[in-house]
Amino acid sequence: MCLKHSRGAAEPVPPFTSLFLDRPADREATVGTVNTVLGAVEASQLGVTLLSEALMYVLPGAEYAFDIRIDRAEVFDRLAARLAEFKAAGGGTIVDATGMFQGRDLRLYEALSRATGVHIVATSGQGPENMLGGYFLTPQTNPPTPWPAQKFAEMFGREVNEGMVVPRLERRAPAGMICTAVSLEGMTATDGSLVRGAARAGATYGVPVFIRCGSDALAELQLAIEESMRPDRVVIAGLDRRDAVAKGWPLAVAQAGACVGIDHVGSTDPFYVSDAERVALVLDLIGAGHADRIVLSSSATGVAFGEPGNDLPFATVLTTFVPMLEQAGVSRDLIDQILITNPARLLSVGGEA
Amino acid sequence: MTRVNTVLGTISAHELGFVAIHEHIGYGMPGSELDSRWWKTPEERYDETVPKLRQFHENAKPWGAATFVDATGICNGRDVDYYKSLSAKTEVHIVASTGFVGGDTALPFFERASVEYLTDQFVHEIDVGIGTSGAKAGIIKVGVSRGFKMKELDKRIYRAAARASKVTGAPIFTHLAVDCEPALAIFAEEGLPCHRVLFGHADDGVSQGRINEQAILAAGGRIGFDTFGYDLELPDPPFWGRPRQERLDHLLRYLQGGLVDQVLVSADANCSPLGWPGVKGHTVNYLFEQLIPDLHGAGIDDATIDRIFAQLAAEFLTLQPISAQ
């Protein structure tokens with residue numbers, strides 16, 4: 001059992017009201033546009049968009065390890081090369097779905113976007129519980145009660161409304177999505193607070209919420225919906241996990257109106273289904289009338305510190321998976337819907353692409 | 001030859017002067033950096049910090065120099081390049097720590113690490129340097145997670161600290177002296193004599209009745225009266241506060257009972273807190289402004305005060321590697 005698991009009871013659920021949160025900033029131009037690291041971009045400009053990738057992944061704490069050196073020049077060159085490869089394959093936008101505490105480096109991402117012409121969307125949020133710092137789990141209060149949903153909602157919400165943080169220094173561009181995750185072994189009280197907080201902030205400020213599912217995807221989705229989050233603004237990710245497919249979660253999530261994250265394309269990890277099985281999954285969802293609920297990504301790690309990461313190129317979906325879909329008879333229109341229209345609709349602030 | 005690691009280089013223990021053995025330039029729980037409610041500009045940080053250190057330097061002049069031991073540890077906002085600039089401009093010697101305030105302040109990378117890796121981390125920071133700063137840590141921080149009970153990760157960190165202490169000679173200080181039995185067992189198993197360990201916060205309000213002082217003393221450990229100034233008489237005291245006189249009486253029992261050599265004393269104040277409001281008005285200078293007059297008032301002589309704040313602290317901070325048997 002994780003040492004940090006909270007022993008706090010789940011908090012009572014207050015009726016949702018955006019009165020708890022600051023009013024959305026008056027940015028007329030943002031409706032129908034997407035929050036990228038370089039500012040608002042028309043959703044129609046995104047092109048092929050991968051919703052679940054990692055530019056620079058840093059396992060929290062690894063930045064202090066005596067034997068890890070993060071050479072920014074080298075990181076930049078490696079990421080620029082990978083983004084250029086993605087663009088050459090027809091890619092337009094990468095969403096760095098690592099949230100706010102696993103290596104997000106806004107100044108680096110801005111420079112990369114300028115240098116490569118690839119749109120980069122950075123995200124707020126954090127989780128699951130065992131990825132959090134002690135500030136959220138054992139605060140300097142007596143007793144050390146873990147953070148409730150409302151405080152997470154405020155912190156994530158400000159990252160959308162006022163800009164993402166460069167820790168202790170400044171805020172930069174608004175976040176384009178809020179990412180969180182639920183522990184695989186089961187939702188902890190703090191995992192639940194993270195999901196609820198992300199949903200409250202997402203509902204108030206119009207950005208999608210991306211939840212890497214734990215042991216019960218539908219219950220986790222239900223939590224977000226209870227917080228007034230529209231299901232079509234939620235992505236349940238990790239639905240190409242072998243157990244998720246076996247339990248029928250992808251279809252159930254789509255039937256509930258939420259988006260199905262098939263986000264480990266190219267992975268050969270036995271924890272996930274194979275690409276051939278992913279094709280079958282996509283066909284099933286299309287056959288059931290849910291093409292508008294499918295999002296594809298590969299969870300590639302451009303560079304990773306503190307964990308091995310993977311060597312998948314960002315171009316994997318375009319270069320290996322799209323040909324498999326075509327071979328399986330998926331039309332170009334449907335592929336465009338999945339790779340272009342669905343993510344553009346999701347990332348549009350307020351959801352109106 | 002005696003050697004003590006400060007952020008501006010290794011110096012003789014004879015240069016330390018008056019030592020505040022457990023202090024913080026600025027402490028914040030890991031993750032607090034994401035919450036902008038605590039942010040301060042660099043101007044505000046220096047403005048809150050420099051005058052306190054300059055006053056500390058002035059107050060310590062009768063001892064020849066002032067030494068500030070920062071107990072912040074890895075992941076809690078430790079900022080060694082900042083400490084170097086503060087030390088250079090105020091002449092206060094600053095000793096930085098490696099290690100962790102407790103398992104619940106170790107981020108996932110370190111939570112997953114083995115005893116061997118943690119040992120290497122601590123040894124590297126003491127013998128080679130912290131990050132790219134070039135500054136070497138002079139002491140190892142360990143501690144008990146919230147809940148007054150040592151957790152498995154706490155114990156892993158204590159064991160790594162014991163091994164690193166033997167290799168490098170750096171002393172260890174703990175956050176909290178509660179649940180000391182597992183700690184004493186680990187130090188015994190690793191062959192680290194307990195006079196190299198300061199069991200800290202033995203004087204705080206919430207720990208009273210939970211500390212086996214006799215076991216620590218019997219093992220040769222040092223008792224930390226190092227939260228002086230967190231007085232319940234303050235307008236808004238923290239939850240670990242304690243009545244001023246009660247804490248003073250606790251220390252006096254040691255000083256008058258022939259146990260001077262087993263105590264060290266400090267204030268645990270933040271110059272500029274990073275992830276919490278801090279306690280207004282509480283600074284390292286409490287030691288001069290309140291405590292030393294209180295000690296004089298209780299009949300404690302200057303020789304005893306010098307022994308605690310200069311000689312014993314210097315002896316403790318001096319690097320003393322213990323060769324393998």
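I began with a term: two strands pair if DSSP finds at least two bridges between them. Helices (H or I, at least four residues) and strands (E, at least two) are DSSP runs, numbered from the N terminus. I also noted that this is a predicted model, in which local features need pLDDT of at least 70 and side-chain atom pairs count only at pLDDT 80 or more, while totals for chains, interfaces and linings use all residues. Residues are numbered from 1 along each chain as its sequence is written, chains are lettered from A and ligands numbered from 1 in the order in which they are written, and side-chain values use heavy atoms, with hydrogens and water left out.

**Entry 1: a sheet in chain B**

I found an open sheet of 3 strands in chain B, in the order β3-β4-β5 with parallel pairing. Strands β3 (18-23) and β5 (93-95) of chain B are at the edges with a single partner strand each, so one side of each has no neighbour in the sheet. From one strand to the next, the twist averages 20 degrees. (Axes are lines fitted to C-alpha atoms, for helices over the stretch in contact, and angles run from 0 to 180 degrees between N-to-C directions.) I followed β4 (residues 66-70) of chain B to β5(B) and found 3 bridges in the parallel sense. Opposite B:Val69 I found B:Val95 in β5(B). Helix α1 (residues 42-59) of chain B packs on this sheet and touches β3 and β4 of chain B; contact means heavy atoms within 4.5 Å.

**Entry 2: annotated residues**

Next I checked the record. In an unreviewed UniProt entry, the annotation "binding site" covers B:Lys141, B:His175 and B:His201. These residues span 61 residues in sequence, yet no two of their C-alpha atoms are more than 12.7 Å apart, so they gather at one spot. I keep in mind that UniProt positions are given in the numbering used here, feature names are shortened, and annotations may be inferred rather than shown by experiment.

Is B:Lys141 buried or exposed? I read a relative accessible area of 1% for B:Lys141, which is buried. (Buried means under 20% relative accessible area, exposed over 50%, partly exposed in between, with a 1.4 Å probe and protein chains only.) B:Lys141 sits in strand β7 (residues 139-143) of chain B, and its side chain reaches the backbone oxygen of B:Ala71 at 2.8 Å.

B:His201 is in the loop between β9 (197-199) and α7 (213-218) of chain B. B:His201 is buried too, at 4%. Beyond four places away in sequence, B:His201 touches several residues, including B:His175 and B:Asp268.

**Entry 3: where the chains meet**

How many residues of chain A are in contact with chain B? I found 43 residues of chain A in contact with 42 residues of chain B. About 3,500 Å² is buried between the two chains, and carbon and sulfur atoms give 61% of that. Buried area is the accessible area (1.4 Å probe) that two parts lose on being put together, summed over both. On the chain A side, A:Tyr135, A:Gln140 and A:Arg168 lose the most area to chain B, together 26% of what that side buries.

**Entry 4: a sheet in chain A**

Last, I traced an open sheet of 9 strands in chain A, with parallel pairing. Its edge strands are β12 (294-296) and β13 (301-305) of chain A, each pairing on one side only.

Key:
Polar contact = N/O pair within 3.5 Å; in protein donor to acceptor, adjacent residues only side chain to side chain.
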